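Please look over the sequence and the model displayed here, and then follow the description from a helix contact to the charged pairs.

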Amino acid sequence: MTETLRPVLTYIQKHHSESVTIEQLAKIAHMSSSYFMNCFKQNFGLGAIEYLNQVRIRSACDLLRNTDRSISDIAFDTGFHNLSNFNRQFRTKVGCSPQTYRKESVLS
């Protein structure tokens, strides 16, 4: 099953900054949306949108460490459409705010 889902992972890596839906990902895997969601979770231990958000957060971390772009620009450029959602997701996944992450990465 992992081979069937590999094109989905590739798509997420290439298009994480865009709006991505379960329906799009299911179509890439040639599955119904509900079957795709079950298969993805069973194979990777998390939902497809959660995985997508992890990819987006990793990309944001890289931009926070390596650029001086604004946090809101980074949020929107990594696929988040709402700054407060970005901040909440970032804090949940990384354990601190984007601003704190940037400050701590500069000190390292």
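Leu9, Ile12 and Gln13 in helix H1 meet Ala48, Tyr51, Leu52, Val55 and Arg58 in helix H4, where contact means heavy atoms within 4.5 Å. The residues of this contact of H1 with H4 divide into six nonpolar, one polar and one charged; here Ala, Val, Leu, Ile, Met, Phe, Trp, Tyr, Cys and Pro count as nonpolar, Asp, Glu, Lys and Arg as charged, and the others, Gly among them, as polar. The model is a predicted one, in which local features need pLDDT of at least 70 and side-chain atom pairs count only at pLDDT 80 or more, while totals for chains, interfaces and linings use all residues. Residues are numbered from 1 along each chain as its sequence is written, and side-chain values use heavy atoms, with hydrogens and water left out.

Helix H1 covers residues 2-15 and helix H4 residues 48-66, and the two pack at an angle of about 40 degrees with their axes 10 Å apart. Helices are DSSP runs of H or I with at least four residues, numbered from the N terminus, and the axes are lines fitted to C-alpha atoms over the stretch in contact, with angles running from 0 to 180 degrees between N-to-C directions. That angle makes H1 oblique to H4, since angles under 35 degrees count as roughly parallel, over 145 as roughly antiparallel, 65 to 115 as roughly perpendicular and the rest as oblique. H1 passes H4 in a right-handed crossing, which is one where the near helix is turned clockwise from the far one by less than a right angle.

A search of the whole structure finds three salt bridges, each defined as a side-chain nitrogen of Lys or Arg within 4 Å of a carboxyl oxygen of Asp or Glu. Within H1, Glu3 and Arg6 lie three residues apart, about one turn of the helix, and their closest N and O atoms are 2.6 Å apart. Glu3 counts as exposed at 55% relative accessibility, whereas Arg6 is partly exposed at 42%; buried means under 20% relative accessible area, exposed over 50%, and partly exposed in between, for a 1.4 Å probe and protein chains only.

Helix H4 holds another of these pairs, Arg65 and Asp62, likewise three residues apart, about one turn of the helix, with a closest N and O separation of 3.6 Å. Arg65 is partly exposed at 43%, and Asp62 is partly exposed at 37%. Asp77 forms a salt bridge with Arg69, the closest N and O atoms being 1.8 Å apart.
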